[in-house]
Amino acid sequence: MEGFVEVCGHLIEVKSIKDFRITQTEYIYRPVFEEIAEKKLFATTSRYLFQNLEPYAAITGTTNGGFLWQTKKYECVNQAGREMCIELDDVPVLIHQKDGHSSEVLKDNPSFALLGKERAIKIEMVETLEIDAKEKYVFYGNNIHLFSVLDAFNRVKEAVEEYKGGKNKKKPEKEEKSASTGSTPVKASDPGPTIEVSPVMDTAEADHKSGTDYRLLLDYLGDEAFDFLVDSIYPLFHFRVLEKEDVRRIDIREILVRIEDPDNEDWEGKFGIKYYLFIMKQYIDEYLKCKEGSEAEDCKEKVLAVLDKVLDEGNDVTEAELISTAGVVFSAFVAMFRAWKNQFGDADERVISDVEYGLKKEDAALIRELWEHTELIPSGVSEQGGLFGFMKSDDTKIRASRLFYMNNMIFLCRGLF
């Protein structure tokens with residue numbers, strides 16, 4: 001959106017940015033274990049296999065406490081934004097149990113002694129991007145918030161320099177109406193997202209060409225956003241054992257990877273955010289008819305221009321950059337289809353003119369309706385040719401629709417919370 005720069009789903013007004021910088025912050029990491037059942041002669045026992053260290057909370061300060069103030073306490077902010085003051089011994093270890101549940105284990109739990117030397121909590125230095133605007137933003141690297149802090153810094157820098165270079169130029173006045181995306185102000189009269197593609201990175205970061213790295217999408221979500229996501233998609237999978245409250249992020253990742261199924265010959269080349277955006281483009285091309293000269297037409301043209309650019313096979317854009325771009329494109333997609341749904345008559349007769357920007361929780365119903373109406377799956381998704389070749393069966397066509405719904409819900413949760 002013109003006049004705003006997007007970082008991790010937050011639209012920040014460029015003219016309000018007073019300062020921005022890359023800093024180093026201490027971050028608490030906790031170990032994650034998986035419980036493994038071992039059958040022995042007369043019984044089945046458990047052992048705990050170390051998986052990885054996961055980010056737990058950022059350290060914002062330290063104090064002394066305990067007896068004679070000999071204990072160091074850490075003032076922290078976790079990924080959900082909750083502030084707390086803890087000792088390292090207060091940080092629970094996470095165990096994925098063999099029955100599918102997960103539990104947090106403290107040092108006074110009998111299982112804690114079975115975890116071995118790898119149970120130690122660690123503090124690591126993490127790069128952060130700090131932005132001082134109307135409010136202060138702090139985004140952490142190491143895949144906590146950002147895949148690349150430097151890339152995000154450069155996008156903010158470009159936006160600020162462009163604003164400073166052009167702020168003295170006269171621009172046509174437009175009627176302004178207010179809307180909102182999460183807590184971020186959005187102008188309804190703006191031509192939707194300007195949606196510039198992030199600059200291609202020269203670094204040798206993993207692009208995850210074998211499929212979408214759903215850690216970049218799911219691990220960004222706070223607890224409230226993840227709960228909303230699970231509420232929206234849980235009925236789709238007909239779980240036989242897992243209750244809704246038991247579903248973990250890793251369970252959703254497993255489901256999504258299986259839907260993509262890059263080993264399926266019908267799906268050769270159909271993976272990642274590029275394929276998700278390809279499906280989105282088919283919906284826009286086939287269904288969105290806009291009144292000439294309208295705000296909707298302007299928005300559609302800008303969205304299609306960006307989609308054409310990122311879908312160009314010659315444009316080597318990383319997964320993280322695609323996710324950043326997709327978040328903004330998705331907001332415009334929802335705004336246009338919200339207007340399309342509210343029109344009367346057959347799909348072929350619907351013409352939209354005005355769009356209202358800003359995501360709402362009620363948009364989950366719109367996204368679900370698009371998925372449930374299988375007759376609305378665009379013909380361009382299954383026709384011969386196109387960017388990713390052709391789809392060979394109705395089963396694959398339905399699979400594409402399901403994947404589109406899942407990604408739409410994830411981006412809705414990223415934008416709402």
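## Notes on a predicted model: hairpins, helices and aromatic rings

1. Val 5 has Ile 12 as its bridge partner in strand β2. Please keep in mind throughout that this is a predicted model. The pairing belongs to strands β1 (residues 4-7) and β2 (residues 10-13), which are antiparallel and share 4 bridges. Together β1 and β2 make a hairpin with 2 residues between them, and Cys 8 in the turn shows a positive phi of about 50°.

2. Strands β7 (residues 93-96) and β8 (residues 102-105) run antiparallel and are joined by 4 bridges.

3. Now for the overall picture. The protein contains 9 helices and 12 strands. Of its 417 residues, 49% are buried. How much of the contact total comes from residues 24 or more positions apart? Among contacts with a separation of 6 or more, such residues account for 69%.

4. The largest nonpolar core has 96 residues, and the ones with the most contacts inside it are Leu 129, Ile 131, Leu 277, Ile 284 and Phe 337. Helix α7 contributes the most to this core, with 14 residues. There is also a second, separate core of 10 residues, including Ile 28, Tyr 74, Cys 76 and Val 91.

5. Ile 131 ties back to the first point. Leaving aside residues up to four places away in sequence, Ile 131 touches Val 7, Ile 12, Ile 17, Asp 19, Phe 20, Lys 136, Tyr 137, Phe 139 and Val 156. One of these, Ile 12, is the β2 partner of Val 5.

6. Which residues of α6 are buried? They are Glu 295, Ala 296, Cys 299, Lys 300, Val 303, Leu 304, Val 306, Leu 307, Val 310 and Leu 311. These residues lie on the same side of α6, because they cover an arc of only 165° around the axis. An α-helix has 3.6 residues a turn, so residues three or four places apart point the same way. The buried residues of α6 pack against α5 (272-287) and α7 (319-341).

7. Aromatic rings deserve a point of their own. With ring centres required to lie within 6.5 Å, the count comes to 19 aromatic pairs. Why does the pair of Tyr 276 and Phe 411 count as stacked? Their ring centres are 5.5 Å apart and their planes meet at 5°, and planes under 30 degrees apart count as stacked. Tyr 276 is buried at a relative accessible area of 1%, and Phe 411 is buried at 3%.

8. Phe 333 and Phe 404 are edge-to-face, at 5.7 Å centre to centre and 85° between the planes. This pair also joins distant parts of the chain: Phe 333 sits in helix α7 and Phe 404 in helix α9, 71 residues apart. Both are buried, Phe 333 with a relative accessible area of 2% and Phe 404 with 3%.

9. Finally, the rings come together. Tyr 276, Tyr 283, Tyr 287, Phe 330, Phe 333, Phe 337, Trp 340, Phe 404 and Phe 411 form one aromatic cluster. Within it, Tyr 287 lies in helix α5. Is Tyr 287 buried or exposed? Tyr 287 counts as buried, at 8% relative accessibility. Tyr 287 and Phe 337 are 50 residues apart in sequence and 9.0 Å apart in space, C-alpha to C-alpha. Phe 337 is also among the residues with the most contacts in the largest nonpolar core.

Technical notes:
Residues are numbered from 1 along each chain as its sequence is written. This is a predicted model: local features need pLDDT of at least 70, side-chain atom pairs count only at pLDDT 80 or more; totals for chains, interfaces and linings use all residues. Side-chain values use heavy atoms; hydrogens and water are left out. Buried means under 20% relative accessible area, exposed over 50%, partly exposed in between (1.4 Å probe, protein chains only). The arc is that of the directions from the helix axis to the C-beta atoms. Contact means heavy atoms within 4.5 Å. A nonpolar core is a set of buried Ala, Val, Leu, Ile, Met, Phe, Trp, Tyr and Cys residues joined through side-chain atoms within 4.5 Å. Two strands pair if DSSP finds at least two bridges between them. Rings of Phe, Tyr and Trp (its six-membered ring) pair if their centres lie within 6.5 Å; planes under 30 degrees apart count as stacked, over 60 as edge-to-face and the rest as tilted.
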